[in-house]
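User: I would like to learn how to read aromatic pairs in a model. Could you take me through an example?

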Amino acid sequence: MLLAIDCGNTNTVFSIWDGTTFLCTLRTSTHHARTADAYFTWYTTLIKHYGIEADITDVIISSTVPRVVFNLRVFADRFFNCRPLVVGKPECLLPHAPRVDTGTIVGPDRLVNTAGAYDRHGGNLIVVDFGTATTFDVVDHDGAYVGGVIAPGVNLSLEALHMAAAALPHVDISKPQNVVGTNTVACMQSGIFWGYIGLVREICTRIQAERDRDMRIVATGGLAPLFQQSEELFDDFEDDLTMHGLTVIHKYNKDNE
Ligand SMILES: Nc1ncnc2c1ncn2[C@@H]1O[C@H](COP(=O)(O)OP(=O)(O)O)[C@@H](O)[C@H]1O
Ligand SMILES: CC(C)(COP(=O)(O)O)[C@@H](O)C(=O)NCCC(=O)O
Ligand SMILES: [K+]
């Protein structure tokens, strides 16, 4: 069985793939100082709680935080006796090499989303991932990542307002009733919510115009449904896109060993 690990700047997600389905998905905050032993304690507690019997033989890691990889490697080696595949490292093959400026290190999450989305939908895609940052990944006709857009994430934007302005509180995102807010919280939610609707729509329209073609827009990340409910910005929403991409890259490496 495969243990797929996706470390974002905010959250780290573990999923167990039995070759057909994901048996479970476990989530913790990303913290570079967490030790291999701490990962194992957390992991075993939860799979016991869910009554899952998993015989992990392989581990694949995608991490936007380079410092966490060391402890995750130790975790894989010590508890599963395996050498993990780490997306972005030279020994981890990709189904399609990215075409970007020389010397650019593309976020591994973006390479994984590209592989997952191409496997499900074919080429000419825009993948929108609502994480710490909101990323737009452009997938060419042949499945290669060819660039994209990085925008501040929804929660990051709200947090930035709170951090920088003494009178602005911490608020959670939600869809405001009106554009014109009649209290501070409603004003902030309106700025972020409607501003984000505009950001997503404008960026996708401009990518399609720049590339002179229609492209399927695939969204992932917990906040995508909030925006989709309001405006139908995306053709598809796939919560498990990054995890699916990890299984695709793992299989590709197995098949090409
Ligand atoms: N369903 C949700 N509702 C509200 N906030 C969410 C939801 N899912 C994720 N978030 C928040 O969105 C931000 C990005 O989360 P996540 O997608 O895990 O980011 P990353 O992959 O960069 O670690 C975090 O601040 C997280 O708390
Ligand atoms: C843009 C990102 C910060 C997004 O990370 P996330 O929101 O998933 O934590 C990450 O993909 C990254 O660090 N990228 C490196 C630069 C690039 O992709 O061009
Ligand atoms: K992400």
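This is a predicted model: local features need pLDDT of at least 70, side-chain atom pairs count only at pLDDT 80 or more; totals for chains, interfaces and linings use all residues.

User: Let me begin with one side chain: does F79 count as buried, partly exposed or exposed, and why?

Analyst: Buried means under 20% relative accessible area and exposed means over 50%, with partly exposed in between. F79 has 27% relative accessibility, so it counts as partly exposed. F40, at 25%, is partly exposed too.

User: How are the rings of F40 and F79 arranged as a pair?

Analyst: Two things to read are the distance between ring centres and the angle between planes; planes under 30 degrees apart count as stacked. The structure holds 18 aromatic pairs. F40 and F79 form a stacked one, with 3.9 Å from centre to centre and 0 degrees between the planes. The pair links distant parts of the chain, since F40 sits in helix α1 (residues 36-49) and F79 in helix α2 (residues 69-80), 39 residues apart.

User: Why is the pair of F130 and Y196 called tilted?

Analyst: Their planes meet at 40 degrees, so the pair is tilted, and the ring centres are 6.2 Å apart. This pair also joins distant parts of the chain: F130 belongs to strand β6 (residues 125-130) and Y196 to helix α5 (residues 184-211), 66 residues apart. Both F130 and Y196 are buried.

User: Which residues do ring pairs link into a cluster?

Analyst: The cluster consists of F14, Y39, F40, W42, Y43, F75, F79 and F80.

User: And how much of the protein counts as buried?

Analyst: Of its 257 residues, 48% do.

Conventions: Residues are numbered from 1 along each chain as its sequence is written. Chains are lettered from A and ligands numbered from 1 in the order in which they are written. Side-chain values use heavy atoms; hydrogens and water are left out. Buried means under 20% relative accessible area, exposed over 50%, partly exposed in between (1.4 Å probe, protein chains only). Rings of Phe, Tyr and Trp (its six-membered ring) pair if their centres lie within 6.5 Å; planes under 30 degrees apart count as stacked, over 60 as edge-to-face and the rest as tilted. Helices (H or I, at least four residues) and strands (E, at least two) are DSSP runs, numbered from the N terminus.
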